[in-house]
Amino acid sequence: MTLLTAAETYLQDFHQRQVGVTSAAFGHLPASSPAGSWASSYDVLTSLVPTVDTPLSVLDLACGDGHLLGLLAARRQPRLQLLGVDMSQAELAAARAALPPSVHLLQGRGQALDLPSASVDYLVSHMALMLMDDIEQVMREIRRVLRHGGQFAAIVGRTFLLGEVNDVFMRVFKPVASTGLPPLRFGDRRTGSEAGWRELLDAGFADVEVDDIDVPWSPTPGELWTALLDTYDIDRLDDDARQRLREAFLDALAPLQDSEGKIATGWGLRLVRARTA
């Protein structure tokens with residue numbers, strides 16, 4: 001039995017309590033970049049999977065509640081084989097309930113995929129790789145299961161919030177976190193930069209492309225705070241620290257509200273693409 005790291009143990013618990021939280025946050029918000037626009041950040045990834053009549057296998061690594069796989073399944077592409085891997089049994093149960101029986105789901109970790117070598121044409125992942133421990137081993141496994149010339153594409157975090165709101169949040173969050181947030185490291189710092197991704201993909205991959213993806217959103221301060229409650233660091237705060245953060249953050253947002261009481265912000269993401277060499 002594989003022993004989970006401290007971060008993985010927390011993530012297991014979080015996704016047991018908050019099933020489907022990632023798709024709820026990103027599945028309904030349009031995404032854009034200088035290269036184009038999409039219905040959501042999930043659609044950025046599905047747009048990279050071709051609609052063809054030939055056999056094609058797609059693995060969604062850290063598939064969560066199956067939102068991305070559902071978008072692909074809705075194509076009814078006859079020879080498209082869909083697979084999903086996630087370490088959360090609760091998320092997989094939600095995926096199983098929502099997806100067609102033909103979609104194959106496995107519980108597992110990115111560091112040890114229970115799949116044959118060279119068995120996958122496309123491997124996609126949405127907002128997960130930047131959280132994974134031992135990312136070099138994860139990338140070795142991704143390379144192993146992809147066929148020669150197979151395609152890798154991932155949406156990962158770039159910046160927490162877009163615009164001035166991000167600076168405001170960090171200014172009020174840091175003093176609260178310094179006393180109310182137990183230390184816990186998520187993932188590898190290299191997944192937070194373009195240079196880091198190019199380093200990780202240097203061995204075994206070619207045609208590396210890294211693009212900024214924005215997910216703009218104009219919520220009210222209350223709507224923004226409700227969304228932030230489903231983020232890992234705020235979830236980990238105790239009740240007192242969370243309340244202090246809420247009060248300080250909402251006060252600091254007041255000058256940023258427009259005439260309708262809304263805030264111009266959103267999520268800053270990054271699209272990383274490569275093919276196996």
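This is a predicted model: local features need pLDDT of at least 70, side-chain atom pairs count only at pLDDT 80 or more; totals for chains, interfaces and linings use all residues.
**View 1. Helices H7 and H11 cross in a right-handed way.** Residues are numbered from 1 along each chain as its sequence is written, and side-chain values use heavy atoms, with hydrogens and water left out. The axes of H7 (residues 164–180) and H11 come within 10 Å and cross at roughly 155°; axes are lines fitted to C-alpha atoms, for helices over the stretch in contact, and angles run from 0 to 180 degrees between N-to-C directions. That makes H7 roughly antiparallel to H11 (over 145 degrees). Helices are DSSP runs of H or I with at least four residues, strands are E runs of at least two, and both are numbered from the N terminus.

**View 2. Here are the side chains between H7 and H11.** From H7, Val 165, Val 168, Phe 169, Val 172, Phe 173, Val 176, Thr 179 and Gly 180 meet Ala 241, Arg 244, Leu 245, Ala 248, Phe 249, Ala 252 and Leu 253 of H11, contact being heavy atoms within 4.5 Å. Sorted by class, that contact has twelve nonpolar, two polar and one charged residues. Ala, Val, Leu, Ile, Met, Phe, Trp, Tyr, Cys and Pro count as nonpolar, Asp, Glu, Lys and Arg as charged, and the others, Gly among them, as polar.

**View 3. Helix H9 also packs on H11.** H9 (residues 221–228) meets H11 (residues 239–253) at about 145°, with the axes 10 Å apart, and this crossing is right-handed. On the H9 side are Pro 221, Leu 224, Trp 225 and Leu 228; their partners in H11 are Arg 242, Leu 245, Arg 246, Phe 249, Leu 250 and Leu 253. Eight of these contact residues are nonpolar, none polar and two charged.

**View 4. Asp 235 sits in helix H10 (residues 232–236).** Its relative accessibility is 15%, so Asp 235 counts as buried (under 20% relative accessible area, with a 1.4 Å probe and protein chains only). Leaving aside residues up to four places away in sequence, Asp 235 touches Tyr 10, Phe 14, Arg 17, Leu 229 and Arg 242.

**View 5. Helix H5 (residues 89–98) has buried residues.** They are Ala 90, Glu 91, Leu 92 and Ala 95. Their cover includes helix H1 (6–17), helix H2 (21–26), strand S4 (80–86) and strand S5 (104–107).

Technical notes: A crossing is left-handed if the near helix is turned anticlockwise from the far one by less than a right angle, and right-handed if clockwise. Angles under 35 degrees count as roughly parallel, over 145 as roughly antiparallel, 65 to 115 as roughly perpendicular and the rest as oblique. Buried means under 20% relative accessible area, exposed over 50%, partly exposed in between (1.4 Å probe, protein chains only).
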